[in-house]
Amino acid sequence: MSPELINLIIQATGESLYMVGIAALLGTAFGLPLGVFLATSRKGELFAAPLVNRVLGAVVNATRSTPFIILVVAIIPFTRLIAGTSIGSTAAIVPLTIASTPFIARLVEAAIREVDGGLIETASSFGASPIQIVLKVLIPEALPGLLLALTLAVVSLLGYSAMVGAVGGGGLGDLGIRYGYQRFMPEMMLAVVVVLIALVQLVQSAGDYLARRVNRRLRHR
Amino acid sequence: MNAHQSLAIGRPIETLEAISPAATEPDAMVRFEGISKTYPAYRGKPGVNALQNIDFAIPRGSITGVIGRSGAGKSSLVRLINGLEKPTTGRVIVDNRDISALAGRELRLAQRSIGMIFQHFNLLSSRTAADNIALPLEIAGWSKADIRARVAELLALVGIADKHDRYPSELSGGQKQRVGIARALATRPSVLLSDEATSALDPQTTRAILDLLANINRELGVTIVLITHEMSVARQLAKEVVVLDAGHVVESGHVADIFTHPKHPITQSFLAEVIGDSLPVSLASRIVPEPSAGGQAVIRVQVRGAGAGDTVVARLARELGLDVSLLSARIDEIGGQHVGSLVLGVPGSEDVQAQVLAWLSQYQFSAEHLGYVA
């Protein structure tokens, strides 16, 4: 493979990492509080607001059921409003973030619900406020699950990022389609797939490692 | 502690002192006034009257046992004390404050003076023993240095100073509950609520934890409210007992008083668990309804009170000039009072039996004729 092509792969990998990294960060920033709220706002719970819970739940479901490629195109005006342009890697971060936020929120919700309800009662019994319960009990206790959720979200984002080529987002998926498929360069397609596999492996291993590090439930010294 | 005690001779039969019921105790730490608690119907399940007409007081500095079967309302009752639940009617006064009227920040401040320990310990798996104990102090806004000093003090108090950096998954059940106790005591509460705190522990560990609670009560003067479905736990630790059944207080008072003279069937069934009223199989299988020549009549004598059973066999033998044999005996101690029964064999003729039963009733012993053995 020529040096130019290798440079293309390196550049596309950088774009992918940039889009996925920023979208994962933003998705977590929005998805974590949303997930915590979804997990704690049903009737009788810490931040009981059953109506808001149902409305947010419906919005989350609607966003998750929209195919990503349709979402990308449908929100182009919004993307332009936020990023100033609707084309390029930076613009692609907008739909990636919007797609990953409800995904992360549902994963966070599931992880938070796994925390033993007795711990919430315990913290309440010594006078912890709802915010203190979230910050000192729920999130630390759910941390292994949250890290695995984030790992899953990053892996999914790598897959989504292949589709943003449709709006000139660049990245590995775009490279694979344009060179590997449209220009009949199977070796390019193969190279892209290999890099993606390596990236997913790396992310998954790192996530598993971190989740194990913080999991004190079964660890014995 | 079902010790078959030796029957010492020479101590007089003592009668029980009249003990004032807890409700008239002037200095109450916790006072329930006209409490009822109803859980409304929800998703097709009918509403539940968990507690009704609850009026009693828990004396300051006491160890009070609340005993009842599951579903009797014990957990609801204890959660009214620390404001985790609100009564449907009535007030709960804790340390002269109406905790049932508090909410938000005021309630959270009041909750710092009420510690609670749980059946399943409820420790954070993500925190070490020391950090679990530190949690209520962090929540109360203590400085790092103060927390460190207080945690070291508490770990020593509960006897696990060497487990400072251990995670709950590395501790035994007893050690976890010690962490739970230290955590509950961290903010120097005046009341410690124990919700079945020993129900998940083996008998030895249970006893060690109960001893620790007794020490804490004695040394720190913390009022302890002990929720339990195990009579043996209430008996070992509590001075005052409240018996709950189907949301009602059916009996309350001094532990010895309640269990030497149980009135309600529930209390009697709790007592039977400890002292047992069944005969040894080898004896029960030999008892027949009709007397036989040279056989013995079998009489069971209930023993209630300090030293009550000690001299009965010797005196019976001496005063009536009879050969009295002791077929079976089970005497336990509850709150310093002896509770149990003696099964005696006396010569099998009708008039001897009548004489023996008359003698026993003269000394206020409750006795029954069970049959005959050869």
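Author: This is a predicted model; local features need pLDDT of at least 70 and side-chain atom pairs pLDDT 80 or more, while totals for chains, interfaces and linings use all residues. Residues count from 1 along each chain as its sequence is written, with chains lettered from A and ligands numbered from 1 in the order written.

Reader: Which residues touch the most other members of the largest nonpolar core?

Author: A:Val108, B:Ile81, B:Ile133, B:Val191, B:Val225 and B:Leu226, out of 157 residues. Such a core joins buried Ala, Val, Leu, Ile, Met, Phe, Trp, Tyr and Cys through C-beta atoms within 7 Å. Buried means 20 or more other C-beta atoms within 10 Å of a residue's own, placed from the backbone.

Reader: What does B:Ile81 touch?

Author: Leaving out residues up to four places away in sequence, B:Ile81 touches B:Val30, B:Val92, B:Val94, B:Ile114, B:Val191, B:Leu193 and B:Val225. Contact means C-beta atoms, placed from the backbone, within 7 Å.

Reader: How much of chain B is buried?

Author: 43% of its 374 residues. Of chain B contacts between residues at least 6 apart in sequence, 72% join residues at least 24 apart.

Reader: Switching to the interface. How many residues of chain A are in contact with chain B?

Author: 22, against 21 residues of chain B. On the chain A side, α6 (117-125) and α7 (130-161) are the elements giving two or more residues. Helices are DSSP runs of H or I, at least four residues, numbered from the N terminus.

Reader: Where is confidence lowest in chain A?

Author: Helix α8 (residues 172-182), at a mean pLDDT of 87. pLDDT is the predictor's confidence in each residue, from 0 to 100.

Key:
Buried ≥ 20, exposed ≤ 12 C-beta atoms within 10 Å, placed from the backbone. Contact = placed C-beta atoms within 7 Å.
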